[in-house]
Amino acid sequence: MKDTILYIVVPVYKDAEVIKITGPMFLQQLFDMRDEGLISDKSRILFVDDGSPDDSWGVIKNYTKQDEHYKGISLSRNRGHQNAVTAGMMEAKDLCDITITIDDDGQDDIHAMREMVIEYDKGCDIVYGVRQNRDTDTFMKRFTAESYYKVLRALGAEVVFNHADYRLVSSRVLQEFANFKEVNIYLRGLFPLVGFKSTSVYYDRHERLEGESHYSLSKMLGLAFDGITSLSVKPIKIITGFGFAVALVSFLLLIYSIIIHFVEATPQGWASTACIICFLSGMQMVSIGVIGEYIGKIYLETKARPRYIIRERSWENQDEN
């Protein structure tokens, strides 16, 4: 048996019924990899309760009492998926050799973990879980998701196409990642910035095993905008370029207006004038809004508030074998 210690980090939010199904599945996968000699028996499943209002933490604590391979931490309040994943990785970085982060709903193929560990053994410090296709998504969701990845790349952000937050990360990568102190985090774009050797493992994504997703449209849009503004300043450069373009066109129109004034009678163009004013006013508001988003993020960063606060650790209240 190898001595590689793996921690499977599972963020949980209002999914008490879901983890009753997926918890044993994660444990069985852990045992399978252990029996195959890929990981150590000291490997664990680390649930991160993201301030769930339901009994998710109660289910997690019951798991930790039943089997030593389960661990759990509970955040003081809901801090969002990215912060919950970060909390789990930071908690595990000094306890293990590698972590694998995976959602609790069973949609990501847990058997891909085996391939991830094998790639780690070959020398890769980061292994991205990448969807082979999006056949289970609606046309609109597939179109918007794929377009978003293309936009991110066009803006200069390093992201892995069709990769979410299912990934293996070595402890030494996590040690370096801990130096990234920003409050507004977008993990899919940050890990490529850390560097180290990486590869991808491809898998098929399944339907959710129980319940409905708690990731609303507003949360998805918020995450998408965070990804853009956290990884790239290109939107501000685009606004600057647009400003110069408009200024150039305005200067040319000014010259044209002076010439036409002396050559012939000036036409009464109320409609065209109104259209131009509305267009420029709208673009100004959008530009100010984008710049305001960046200023707001700077404001939050200067406060240096903690990303999360851990309320309770399961092993603090019970002896661990």
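Reader: Let us start with helix 7. Why is it described as largely enclosed by the rest of the structure?

Author: Seven of the eight residues of helix 7 (residues 187–194) are buried, so the helix is largely enclosed by the rest of the structure. Buried means under 20% relative accessible area, exposed over 50%, and partly exposed in between, with a 1.4 Å probe and protein chains only. Helices (H or I, at least four residues) and strands (E, at least two) are DSSP runs, numbered from the N terminus. This is a predicted model, in which local features need pLDDT of at least 70 and side-chain atom pairs count only at pLDDT 80 or more, while totals for chains, interfaces and linings use all residues. Residues are numbered from 1 along each chain as its sequence is written, and side-chain values use heavy atoms, with hydrogens and water left out.

Reader: Which residues of helix 7 are buried?

Author: They are Leu 187, Arg 188, Gly 189, Leu 190, Phe 191, Pro 192 and Val 194. Just after the helix, Gly 195 takes a positive phi of about 95°.

Reader: What core does Phe 191 belong to?

Author: Let me begin with the largest core. A nonpolar core is a set of buried Ala, Val, Leu, Ile, Met, Phe, Trp, Tyr and Cys residues joined through side-chain atoms within 4.5 Å. Of the 34 residues in the largest one, Ile 45, Phe 47 and Met 113 touch the most other members. Helix 1 gives the most to this core, with seven residues. Apart from it lies another core, of 17 residues, and Phe 191 is among them, as are Tyr 128, Val 130 and Leu 174.

Reader: Tyr 128 and Val 130 are in strand 5, then. Which way do they point?

Author: Ile 126, Tyr 128 and Val 130 point one way from strand 5, whereas Val 127, Gly 129 and Arg 131 point the other way. Six of the six residues of this strand (residues 126–131) are buried, so strand 5 is largely enclosed by the rest of the structure.

Reader: How many bridges join strand 5 to strand 7?

Author: Six bridges join them, and the two strands run parallel; Gly 129 has Val 201 as its bridge partner in strand 7. Strand 6 (residues 163–170) runs antiparallel to strand 5 and is joined to it by four bridges. There, Val 127 is partnered with Leu 168, and Tyr 128 with Arg 167.

Reader: What is the strand order of the open sheet?

Author: The open sheet of eight strands has the order 7-5-6-4-1-2-3-8, with mixed pairing; two strands pair if DSSP finds at least two bridges between them. Strand 7 and strand 8 (310–313) stand at the edges with a single partner strand each, so one side of each is left without a neighbour in the sheet.

Reader: Turning to aromatics, how many pairs are there?

Author: The count comes to six aromatic pairs. Rings of Phe, Tyr and Trp (its six-membered ring) pair if their centres lie within 6.5 Å; planes under 30 degrees apart count as stacked, over 60 as edge-to-face and the rest as tilted. Phe 47 and Tyr 70 have ring centres 6.0 Å apart and planes at 20°, so this pair is stacked.

Reader: Which distant parts of the chain does the pair link?

Author: Phe 47 lies in strand 2 (residues 44–49) and Tyr 70 in strand 3 (residues 70–75), 23 residues apart. Both residues are buried. Tyr 63 and Tyr 70 also form a stacked pair, 4.6 Å centre to centre with 20° between the planes. Phe 47, Tyr 63 and Tyr 70 form one aromatic cluster.
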